[in-house]
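Please keep your viewer open and your selection tool handy. We will go from stop to stop, picking a few elements each time and looking at what is there.

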There are 4 protein chains.
Amino acid sequence: MLNRGNLVLNNFLNPMRILFEQKSMPIDPWSEEQINFFLQTLSNMDTDKDDKASRVGEREARIASRLHLLTSSGFCHGVGRSGFLTAPQPKAPGGSIMYEISNYLARDFLRKFGLPNIQKAIVIPLCTGMSLALCLGALKPDWNEEKFLRKRKVLVPQVDHKSLLKALDLMGIRSKIIKGKIFDDAVRIPIEDIIKNYDDDCFAVLSVTSFFPPREHDDIKEISKFAKDKNLVHIVINAYGVQSPEWMKLIRAGIDAGRVDAVIQSTDKNILTPIGGAVIASPREEIITQISQAYAGRASATPIVNFLISMLSLGVKGYERMLLEQQQNRKLLEEKLQTLAQKLDERILKIFNPVAVAMSLNNLKKEQLTALGGALYNLRVTGPRVYNSREKAFGTCCEDYSQPYIVMNAAIGAQSKDILLAIERLEKAYSQIRKK
Amino acid sequence: MLNRGNLVLNNFLNPMRILFEQKSMPIDPWSEEQINFFLQTLSNMDTDKDDKASRVGEREARIASRLHLLTSSGFCHGVGRSGFLTAPQPKAPGGSIMYEISNYLARDFLRKFGLPNIQKAIVIPLCTGMSLALCLGALKPDWNEEKFLRKRKVLVPQVDHKSLLKALDLMGIRSKIIKGKIFDDAVRIPIEDIIKNYDDDCFAVLSVTSFFPPREHDDIKEISKFAKDKNLVHIVINAYGVQSPEWMKLIRAGIDAGRVDAVIQSTDKNILTPIGGAVIASPREEIITQISQAYAGRASATPIVNFLISMLSLGVKGYERMLLEQQQNRKLLEEKLQTLAQKLDERILKIFNPVAVAMSLNNLKKEQLTALGGALYNLRVTGPRVYNSREKAFGTCCEDYSQPYIVMNAAIGAQSKDILLAIERLEKAYSQIRKK
Amino acid sequence: MLNRGNLVLNNFLNPMRILFEQKSMPIDPWSEEQINFFLQTLSNMDTDKDDKASRVGEREARIASRLHLLTSSGFCHGVGRSGFLTAPQPKAPGGSIMYEISNYLARDFLRKFGLPNIQKAIVIPLCTGMSLALCLGALKPDWNEEKFLRKRKVLVPQVDHKSLLKALDLMGIRSKIIKGKIFDDAVRIPIEDIIKNYDDDCFAVLSVTSFFPPREHDDIKEISKFAKDKNLVHIVINAYGVQSPEWMKLIRAGIDAGRVDAVIQSTDKNILTPIGGAVIASPREEIITQISQAYAGRASATPIVNFLISMLSLGVKGYERMLLEQQQNRKLLEEKLQTLAQKLDERILKIFNPVAVAMSLNNLKKEQLTALGGALYNLRVTGPRVYNSREKAFGTCCEDYSQPYIVMNAAIGAQSKDILLAIERLEKAYSQIRKK
Amino acid sequence: MLNRGNLVLNNFLNPMRILFEQKSMPIDPWSEEQINFFLQTLSNMDTDKDDKASRVGEREARIASRLHLLTSSGFCHGVGRSGFLTAPQPKAPGGSIMYEISNYLARDFLRKFGLPNIQKAIVIPLCTGMSLALCLGALKPDWNEEKFLRKRKVLVPQVDHKSLLKALDLMGIRSKIIKGKIFDDAVRIPIEDIIKNYDDDCFAVLSVTSFFPPREHDDIKEISKFAKDKNLVHIVINAYGVQSPEWMKLIRAGIDAGRVDAVIQSTDKNILTPIGGAVIASPREEIITQISQAYAGRASATPIVNFLISMLSLGVKGYERMLLEQQQNRKLLEEKLQTLAQKLDERILKIFNPVAVAMSLNNLKKEQLTALGGALYNLRVTGPRVYNSREKAFGTCCEDYSQPYIVMNAAIGAQSKDILLAIERLEKAYSQIRKK
């Protein structure tokens, strides 16, 4: 009977052994109990758990409440050392291992889901915007040298997202925005326009995959070639792009074709963690080292732990299943919206986007458009975007988008119920507003 | 009997009512159950908990595992909105209230414990180093204007701490370090030297309170006057200074005498949270607004929650008790180290520091000094610093500190047991090494 | 935005309001967070949570560790008062409400799932066997009176289950076992045999619904009539019978036709709690009061809390879905076992049982039968019963069951995966053993 | 650094290794994290955690909600097998080990704290009252034999406690109560009276240690000799007596001098678990075996887990400290009550009791006595007993106790704050009532 006990216990512990051996994303999901056990074992290697230690530093990961053990999964020492994120911290052997494993999983995850050609990845305890700031800070020229003093411009194919623009502002970088152009319904930034805007003060170029309509993804491959040609740092903002094999393919091709320094993706939008983390990947290991060393100080371990929890609780199979569901939901969204559009005498905008769908709102007047947004909020539809581009251009990524529209997403993790209810409520809201 | 039930329940809930009314640190500690109940109530106001919502955004705070509810205390939406940390987030009413309350508590906490003259404070989901980077990013001149292109220097009274220097590097700022000078045992940076180093390219000056010996705190008051005089941004690094009424007094006086823009303090070192947060305070509300708006994107709520947990689980009385214990332990540390010094024919260095004490290690040779550090690590003494300044100057904050020494801290949260054991083990390690 | 927060919070709290109003099983499942919040609110009404109380009793529900709050969901005072289970406990208003609500739900649950004709139910912090002992202890004649001294026999249609027989032994009751008879494959106890065994020393009769083949359920209706006729206490052992509408129908008819005093069902086998609870129901309220008053002392609240957790986390819809799955799995089990039987030249025994299926093992010899049990254990099949009735009669509920057989269950909560794997492994084990 | 991690982890795990080796109560307390880790490791040996198992039994410890894992610490299979509590359960190797270890600790705990002469102990998932019923059920004569039919009386030195009397009623046992007699203030039951009441129908005698004034403990030694002499089962009710070395000494002497079959003590009152468990000890191993085999069925593991949590979280040192505090608080209670008595012209009753103190209430009239109880309840004093023995004799353990009184306890786990507040509030309530 004891043998049976050992058998069951080993069955429970086995995935942990495999994880250490293979340093890759597990195929099958772990149970909550397994994840907990694993995190506890590691966090009990940190010196703040050593009741035989005597602590005479000014920072010893002391905590005021046991509740802190829950919010940090016991990794009270955080991650990083003296401004080097991935440096092992002698006071926190367990936390250091946890972070190292997470970074291995980050690389494996991206390699498995679209970027086999990256060399290294790192989980960053910051969101996409701040991660961009960090990358730029790490990869910028040395402005203390007179010759680089003016080399502070970054080429930005227009992307109407405040956080990204703030990242540039924060770093004191001058963003040179290349305006979007309309191609039927879609807004794109032609590579020629980017090339045209280049001057010697530019040191980097950004590009974007996942974004909301009418803006389509950038031509990563051409930007990549151009970056190589002009010796520009090239950072791809792939915010919620891991969920789409199509967007990932663009980046893979970009890496192969020219120069990509870093690819930034959010952990919450791609693998369903609470907000606060990003994964930065690069085809060159030294880039990741540079970024890791640019971070000033230590950081909360929680965003890393959250990444790890998602990886282990999903597993490769779980993530594949979620990708499949996303694709089905995206299809459902388009079909239902198509049907509704016909009813309302509106139309689906022709824009490539594997997550979102946009529908015109030509039959609504200015005030009705405003009312529609409010009505949907009150009907508990979260996340739709209603745009009246005649009123406010920011968000369309160009200057003169003439038709109003609504955007809805079938993002990873959404349920078909979300889609069906949203369409139903949209119809209700639209009808009520037209009647008034 | 039901009345009794209500009475007990109200007694349980009452501190929450008072917190909302007074928006100040509770006098008495809350129980874990009360803190949990409070955090749960708030986080259940966020829309990701609404099972009647339909979610069609690309970011809806979906989570892959219930374990994420523990690490985030349910605040899966994080904090901040579109690059404005303190802006309320419509998808997260509960999280927004949680953050607002935390910022009120941060101000109240600092006002109660030494800085009655601040106007606003904010809890930042970043450590001290990155918080400094954020402050500088927010308060820097507009380098896009030609006239400010060269105004990128910051005066730094020498402080041998990698994270702080990295913060300047990250932002592309030129640090103008004013070298430390030796005054008997202590290392100080005279105000005249700081003034002497000023030129028109400087836009800011840093100052430091808490630091490890032999470096003493800066003359905050004089730096503050000088900052006002030259119109410099003045940021005080008060890393673990809240625990010392003496250091806090220096800042208070500095604020009154001249210009202080921001005071940065760590949450882990001052109020015993897991690593990852800081509190930034200012005598001017608009400075905090600027800093809050400079953050690019959203952030993990966990560092904020950790701050709140510490505040509520300590209460004013708990913190006062901890301050008292710190003072007693500091005294104990000096006494014990004094006794040991006499035994070993060493001496206590005469350096003002309300947390740390330094002892000379004149009788140890070069290799023995290295051995001592290792021996203490093996004896499970964490946090002491053994310096051989003849070998490596970094850490002494000056160029020519001639005597080797060891530094130990009696920081807030340490127990007398820590002190006693550390001295005992130091004696043991020292003796063994001398014998060899 | 605050309105939205309140809306979401009310949506979260609403099921609790409804529960108090309707005192019935919720239609939809509650989330873990809702259940936790509810239990916490109640347990924080108990006086052991009152930090303003002064406690000078010898029992004040003090606890040595906060972990005890988890195992008891905060109901440290347990349930019951001075040997009266359902009496409200003044020190535990919250715990008393929790128990009262649970008993309402127990009645509602049984009424909804097959016994509309019961008047009262109680959740008992004991398993089926001890619950039977409690019922008999409560409903027995007063043996202190000389005239009842010999009235201590209970009629027991043969049921080969140690716990039930031990319950009678524990109470010092003489069980008068009426032997099972074989009808084709099935074992039944004819009502005539029960009647034949009656004498004046009998005060009670038991009957059984759910049991494992070859024993079929008793003729509850006829036993019930007989009990009424002879004025016997009649207790129905419905161990895991709630999962079967067919078994429940037998009891319902029994109640209508004659006398049923108490119906006992396990909480773990019927609604998937950890082991340790039972629900006793009766068509007469005073019977439940008598049983409640017979319990000597207070009891752990945990089995009650577990009952409540299951009720709230399943809801009516959840339980209906599980019943449906059980029926599908039962069908699957029979089909797969039928196919296997044909292959092995064995046959499915013709026995009515909505949960279990039995297959003959005529082609295995004595030692092979023993080996089969062991082999299945090693193949990690838990719960099958392999019987060689020629060797050991106990378990067959009769004396001369001639053919060996194996029994497998498709019980509530099992997955189709369990069934499929079990059949596959049975085939494997059987083949290997035959080969040897 | 990895070595350090292993060192810290081993330090964390070491107490578990020692526990398995020594099977005795740990000297030092374990941390919550250690206890959790230990319980998780064991419960993950149970087959319900085996995701490779196929489950075809009718009882497989399936659960409807993960919350059940908290209330049961993962031991969903409960304890016991087929009506034999300590029999290992093949489906639950981990749970079986957990129970076995608990029983070893129970014996060690009692041996260390007063009963070195016991041979075996068992933790029972029932309170004191039901444990008494279980003991009597296990140790009674075989009433099915005609010669024992009338041997159903138990001698009970008067003890006015409903639960204990109900235990006898439940089992259909006739209690022969020997009335208490007054000796100055104390109520005792003289051994001669017990002997006088004996007749051939008696098969057992009870005795009591811990009880509330004016009833003093029984003369265990003489009852023990008498039990040996008359061949009576002798059960000592030691409800909350482990906290007093004096009461324990009486039992130890009783065991040595004659016959003691079982000693029953509550887990909640002695080691601060939630309500629901007892420890039964015996100087003879076979008695414990008999009791263990008398339990009908399986039982909730939670009361056992609670016992284990208390043992591990207290440790020998923790319990010694609590005993010391209890003695100090008992002294404080007497002193304060003495002072108050002088003020009120009342007096302390002269009754031996190491936990409780009684004060006369001679100056209060009938209605005032009733009012006092209510007033104390409203002032949030829980647990005092106000008796007007002229009105209601039950509770005094005799017929004609003439003076009214109040009893207060300084029980283990109480704080001096409890005592001080209770006296203060008593004075307040008394004064108010006298004034009216």
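## Stop 1: two crossing helices in chain A

Select helix α5 (residues 128–139) and helix α11 (residues 285–294) of chain A: their axes come within 8 Å and cross at roughly 105°. That makes α5(A) roughly perpendicular to α11(A). Before going on, keep in mind that you are looking at a predicted model.

Now show side chains. From α5(A), pick A:Leu134, A:Cys135, A:Ala138 and A:Leu139; they meet A:Ile287, A:Gln290, A:Ile291 and A:Ala294 of α11(A). How do the residues of this contact divide by class? Seven are nonpolar, one is polar and none is charged.

If you like to colour by confidence, chain A has a mean pLDDT of 96, and 100% of its residues reach 70 or more. For the model as a whole, the scores are ipTM 0.97 and pTM 0.95.

## Stop 2: the sheet of chain A

Stay in chain A and switch to a cartoon view. Here you will find an open sheet of seven strands, with mixed pairing and the order β2-β10-β9-β8-β7-β3-β4. Which strands stand at the edges? They are β2 (120–124) and β4 (174–178) of chain A; each has a single partner strand, so one side of each is left without a neighbour in the sheet. Looking across the sheet, you can follow a twist that averages 20° from one strand to the next.

Strand β3 (residues 153–157) of chain A runs parallel to β4(A), and five bridges join the two. To see one of these pairings, select A:Val156 and its bridge partner in β4(A), A:Ile177.

## Stop 3: the sheet of chain D and a helix across it

Move to chain D, where an open sheet of seven strands also has mixed pairing and runs in the order β2-β10-β9-β8-β7-β3-β4. In chain D the edges are β2 (120–124) and β4 (174–178), each with a single partner strand, so one side of each has no neighbour in the sheet. On average, and ignoring direction, neighbouring strands of this sheet are turned by 20° against each other.

Strand β10 (residues 278–282) of chain D pairs with β2(D) in the antiparallel sense, over five bridges. Pick D:Val123 and you will find its bridge partner in β10(D), namely D:Val279.

## Stop 4: a proline in a loop

Still in chain D, select D:Pro384, in the loop between β12 (381–382) and β13 (385–387). What is D:Pro384 in contact with, leaving aside its neighbours within four places in sequence? The list is C:Val56, from chain C, together with D:Leu376, D:Ile406, D:Val407 and D:Met408. For a sense of scale, draw a C-alpha to C-alpha distance from D:Pro384 to D:Leu39: they are 345 residues apart in sequence and 37 Å apart in space.

## Stop 5: chain B and its copies

Zoom out and show whole chains. The same surface serves both copies, with 100% of the contact residues of chain B recurring in chain D.

Now try chain B with chain A. Chain B can be laid on chain A, too, by a turn of 180° and a shift of 0.0 Å along the axis, with an RMSD of 0.0 Å. For this pair, the C-alpha of chain B nearest the axis belongs to B:Thr71, at 1.9 Å. Here as well the same surface serves both copies: 100% of the contact residues of chain B recur in chain A.

## Stop 6: the crossing helices in chain C

Finish in chain C with helix α5 (residues 128–139) and helix α11 (residues 285–294), whose axes come within 8 Å and cross at roughly 105°. This makes α5(C) roughly perpendicular to α11(C). Select C:Leu134, C:Cys135, C:Ala138 and C:Leu139 of α5(C), then C:Ile287, C:Gln290, C:Ile291 and C:Ala294 of α11(C), to display the contact. By class, its residues are seven nonpolar, one polar and no charged.

Definitions and conventions:
Residues are numbered from 1 along each chain as its sequence is written. Chains are lettered from A and ligands numbered from 1 in the order in which they are written. This is a predicted model: local features need pLDDT of at least 70, side-chain atom pairs count only at pLDDT 80 or more; totals for chains, interfaces and linings use all residues. Side-chain values use heavy atoms; hydrogens and water are left out. Axes are lines fitted to C-alpha atoms, for helices over the stretch in contact, and angles run from 0 to 180 degrees between N-to-C directions. Helices (H or I, at least four residues) and strands (E, at least two) are DSSP runs, numbered from the N terminus. Angles under 35 degrees count as roughly parallel, over 145 as roughly antiparallel, 65 to 115 as roughly perpendicular and the rest as oblique. Contact means heavy atoms within 4.5 Å. Ala, Val, Leu, Ile, Met, Phe, Trp, Tyr, Cys and Pro count as nonpolar, Asp, Glu, Lys and Arg as charged, and the others, Gly among them, as polar. Two strands pair if DSSP finds at least two bridges between them. pLDDT is the predictor's confidence in each residue, from 0 to 100. Copies are superposed by least squares on the C-alpha atoms of residues with pLDDT of at least 70 in both.
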